[in-house]
Amino acid sequence: FFMSEMQSNSNPNDFDNEIELREIFSLLWQKKWIIISITTFAAITGVIVSLLLPNIYESKAILSPADSGNSISKSLQNYSGLAGLAGVSIPSGADESNSAKAIQKLNTLSFFENNILPNIFLPDLMALESWDRNTNTLNYDESAYNINTNTWVRDYSYPYKQIPSAQESFKEFKEEHFGLSEDKKTGFITITIKHKSPFLAKKWAELMISEVNYFYRQKDKSESEKAVRYLNEQIAMTNLSEVKAAVSKLLQEETKKLALIEAKQFYVFEYIDPPAVMERKSEPQRALILLLSILLGGMLSVIYVLVKKYF
C-alpha cells in the first residue's frame, strides 16, 4: 500500500514534467524557421569575421640552458680559500645561473627597450596591417603610419604619443607577439613569436635569443676583465710570495674564464630546435569560429523563442 501511494504521488509530477517538455519541443518545432534564420545569420557573421581576421604565424624555438656562467662560478669556488688569502671575494655558489636570470630578463621592459626595440622596425610592431604571401611584402595601416614619408600620422591621446613609446610598444609586444614557457622537469625553455609575417616571426625569435646571449656574455666579460685588472694590480703591489702565488692562481682562472666566454657560441641558451619560417598559419582557427558561431546562434535563437513565449 505504501509503495502504491508513493507511485501515485510521483506520477502527477512526472506527467506534468512530460507535458511541459512536450510543450517546449512543440513550440521550438513551430518556431523552427526563426531558430534556423537566427542560427544561419550567426553562422554567416562568423564566416565573415573569420575571413576578415589576418593569418597569424607562430615561430617557436626550444632552448636548453647552457649555464656557462654558472659552471665557471663553480670552478672558481674551488679557489675561494686562495681568494680570501689574497683579499679577493668570490660570489657565492648559491647565485642563480645566467639562464634563470635570463628567463626573467626576457620579460622586462628594460631588455625590450635596450636590446629589442633598436633592432626592429617599429611600424612592423605597431602599424602592420597585412602580409602579402605572393610578393612577401608588408602593408601598413595608412591611418597610423605613412610608409612613403616614413612618418607617424596616427591619432592619439594621453598617455600615448604620436610615435609609440617604448612602454606602449612593450605592452603590444608582450600581449600580441611574445610568449615564453619553461618545463620545470626538463629545464627546457620555449620561446614563441607570433606575427602576420612568418619571416618576421622567425627573425624576432632569433633576435630575442641572440640578444639575451649577448647581454649576459658582455656582462660576464666586463666583470671578468675588471677582475683581471684588479688581480694584476695586486700582484704588482705585493711582495709576499704566498699572496703572489694565490693571486696568480686566481688570475689564471679568470683568464680561463675569459677564454670560455669568448669561445662559447651560445652563452646562456643553446638551440634544441631553432625557429623556422612556418608555412601554415597558427591563427585564426576559422572552422572553430564557425562552429562556435553556429552554437551561439542556436542557443540565442532558442532563448529568444522561449522568452517571447513565456515572458
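The following legends describe close-up views of a predicted model.

**Figure 1. Edge-to-face pairing of tyrosine 57 with tryptophan 131.** The structure contains twelve aromatic pairs. In the pair shown here, the ring centres of tyrosine 57 and tryptophan 131 are 5.6 Å apart and the ring planes stand at 85°, so the arrangement is edge-to-face. Tyrosine 57 belongs to strand S1 (residues 57–65) and tryptophan 131 to strand S2 (residues 128–132), so the contact ties together parts that are 74 residues apart in sequence. Tyrosine 57 is buried, at 3% relative accessible area, and tryptophan 131 is likewise buried, at 15%.

**Figure 2. Edge-to-face pairing of phenylalanine 121 with tyrosine 140.** The ring centres of phenylalanine 121 and tyrosine 140 lie 6.1 Å apart, and their planes meet at 90°, so this pair is edge-to-face. Phenylalanine 121 sits in the loop between helix H6 (109–116) and helix H7 (122–126), whereas tyrosine 140 is part of strand S3 (residues 137–140); the two residues are 19 residues apart. Phenylalanine 121 is partly exposed, with a relative accessibility of 36%, while tyrosine 140 is buried, with 14%.

**Figure 3. An aromatic cluster and a lysine over a tryptophan ring.** Phe112, Phe170, Phe173, Phe178 and Trp204 make up one aromatic cluster. In a separate panel, lysine 32 is placed over the face of tryptophan 29, 4.3 Å from the ring centre.

**Figure 4. Salt bridge between glutamate 283 and lysine 194.** Eight salt bridges are found in the whole structure. In the one shown, the closest N and O atoms of glutamate 283 and lysine 194 are 2.6 Å apart. Glutamate 283 lies in the loop between strand S8 (269–273) and H11, and lysine 194 lies in strand S7 (residues 189–195), so the bridge ties together parts that are 89 residues apart in sequence. Both partners are partly exposed: glutamate 283 has a relative accessibility of 31% and lysine 194 one of 25%.

Figure 5. Lysine 202 is partly exposed at 23%, as is glutamate 206 at 31%. Glutamate 253 is buried, with a relative accessible area of 6%, whereas lysine 256 is partly exposed, with 43%.

**Figure 6. Helices H10 and H11.** Helix H10 (residues 241–263) has 23 residues; at 1.5 Å a residue it should span 33 Å, which agrees with the 33 Å between its end C-alpha atoms. The buried residues of H10 include Val243, Leu250, Glu254 and Ile261. Buried residues of H11 are Ser293, Gly297, Gly298, Ser301 and Val305.

**Figure 7. A nonpolar surface patch.** Leu296, Met299, Leu300, Ile303, Val307, Tyr310 and Phe311 form this patch, and together they have about 770 Å² of accessible area. Phenylalanine 311 lies in the segment after helix H11 (286–310) and is exposed, with a relative accessible area of 82%.

Methods. Residues numbered from 1 in each chain as written. Predicted model: local features only at pLDDT ≥ 70, side-chain atom pairs only at ≥ 80, totals over all residues. Heavy atoms only, no water. Phe/Tyr/Trp six-rings, centres within 6.5 Å; stacked < 30°, edge-to-face > 60°. Helix = DSSP H or I, 4+ residues; strand = E, 2+ residues; numbered from the N terminus. Buried < 20%, exposed > 50% of the residue type's maximum accessible area, 1.4 Å probe, protein only. Lys NZ or Arg CZ within 6 Å of the ring centre and 35° of its normal. Patch = residues over 30% accessible without salt bridge, like charges linked within 9 Å, V, L, I, M, F, W, Y side chains within 5 Å. Areas by Shrake-Rupley, 256 points an atom, 1.4 Å probe, with all protein chains shown as cover. Salt bridge = Lys/Arg side-chain N within 4 Å of Asp/Glu carboxyl O. Expected span 1.5 Å × (residues − 1).
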